[in-house]
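Please consult the sequence and the structure shown below while reading.

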Amino acid sequence: MTSSHGFASVVGVCAAVVLTAPAAAPQEVPPTGGGVFRECDACPEMVVMPGGQLALGRYEVTVGEYEAFASAAGGGAGGGCYVATSAGWQPDEPATWRSPGFSQSDRHPVVCVSWHDAQQYATWLSRTTGATYRLPGEGEWGQAARGSGGGCDVNGADADLMPYLNRRIGGSWAYPDGDGPSCASSDGSLFTASVGSYGSNRLGLADMVGNVWEWMDVHGVFRGGSWGTGAKDLHPDAHNAHPPGDRLSNVGFRVARTLIEP
Ligand SMILES: [Ca+2]
Ligand SMILES: [Ca+2]
């Protein structure tokens, strides 16, 4: 799902930021911000936020990570999923996180997971690790998505950075990537992109804006925009909501881990 259309330059620009980030190898939880750790083989990589009280998932939870939960706990089955059609977003009964209507690898962000599914994943992860995993609070997530400076960070005021994330290019969600007349280059992905394809922000977090919307700890709220969001609507404050039982093929999540109880 990637194309060579401008994609190499996207990776190249963002790679400089990635190189300044800490190594991704699992390690003990460090006391200060910036460290990366993973608490089990199937667990998400986590990045310690400044102050050392909170860690956030480096990436959106992937299909492979969700598979470990689904295999162990039977989560997320049935119920259908809202998918993009030529008639807009429509419920599709056979669609699931395993088959969301487009091709995904284990490294793509899981979609077609409801807020309840995401909560159950976090509960399972907490039980598996003995740690406190949960969905991020809006304040925690917003601070991590904004406020961290340049590099591959994005805000609505800096149009130059808009190629460096996965969003909708052109006038419709199905517009072939790279053919949008208003865009200098393709972002390389029509639907979801493999997590981290566009580099990380200066806190070491990838795809906070774009790729997939991310469920918050508030019932049914998600933030950050997705592959189906056009550039003008795509920024850290992008905010939407659905009933918490709904599944959508442009909504996933990342987890938070409490390191020190406030
Ligand atoms: Ca795209
Ligand atoms: Ca995202």
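The model is predicted: local features need pLDDT of at least 70, side-chain atom pairs count only at pLDDT 80 or more, and totals for chains, interfaces and linings use all residues. Residues are numbered from 1 along each chain as its sequence is written, while chains are lettered from A and ligands numbered from 1 in the order in which they are written.

**Confidence**

- The protein chain has an average pLDDT (the predictor's confidence in each residue, from 0 to 100) of 78, and 73% of the residues score at least 70.
- Residues 147-162 stay under 50 in pLDDT, and the model gives them 27 contacts beyond four places in sequence; two residues are in contact if their C-beta atoms, placed from the backbone, lie within 7 Å.
- Residues 171-185 also have a pLDDT below 50, with 26 contacts beyond near neighbours in sequence.
- Where pLDDT is low, the predicted coordinates should not be read in detail.

**Strand pairing**

- Helices (H or I, at least four residues) and strands (E, at least two) are DSSP runs, numbered from the N terminus, and two strands pair if DSSP finds at least two bridges between them.
- Strands E2 (residues 46-48) and E3 (residues 54-57) run antiparallel and are joined by 3 bridges, with Val 47 opposite Leu 56 in E3.
- The hairpin of E2 and E3 has 5 residues between the strands, and Gly 51 there takes a positive phi near 100°.
- E3 also pairs with strand E11 (residues 256-258), in the antiparallel sense and over 3 bridges; here Leu 54 stands opposite Thr 258.

**Nonpolar core**

- A nonpolar core is a set of buried Ala, Val, Leu, Ile, Met, Phe, Trp, Tyr and Cys residues joined through C-beta atoms within 7 Å; a residue is buried if 20 or more other C-beta atoms lie within 10 Å of its own.
- The largest such core has 55 residues, and those touching the most other members include Leu 56, Tyr 66 and Ala 144.
- Helix H3 (115-129) is among the elements that give two or more residues to this core, and H3 supplies the largest share, 5 residues.
- Beyond its neighbours within four places in sequence, Ala 144 is in contact with Met 49, Leu 56, Leu 203, Leu 205 and Met 208.

**Helix H3**

- The buried residues of H3 are Trp 115, Asp 117, Ala 118, Tyr 121, Ala 122 and Leu 125.
- They cover an arc of only 160° around the axis, which puts them on the same side of H3; the arc is that of the directions from the helix axis to the C-beta atoms.
- Their cover includes helix H2, strand E6 (132-134) and strand E7.
- Gly 130 follows H3 and has a positive phi, near 75°.

Methods:
A residue is buried if 20 or more other C-beta atoms lie within 10 Å of its own, exposed if 12 or fewer, and partly exposed in between; C-beta atoms are placed from the backbone.
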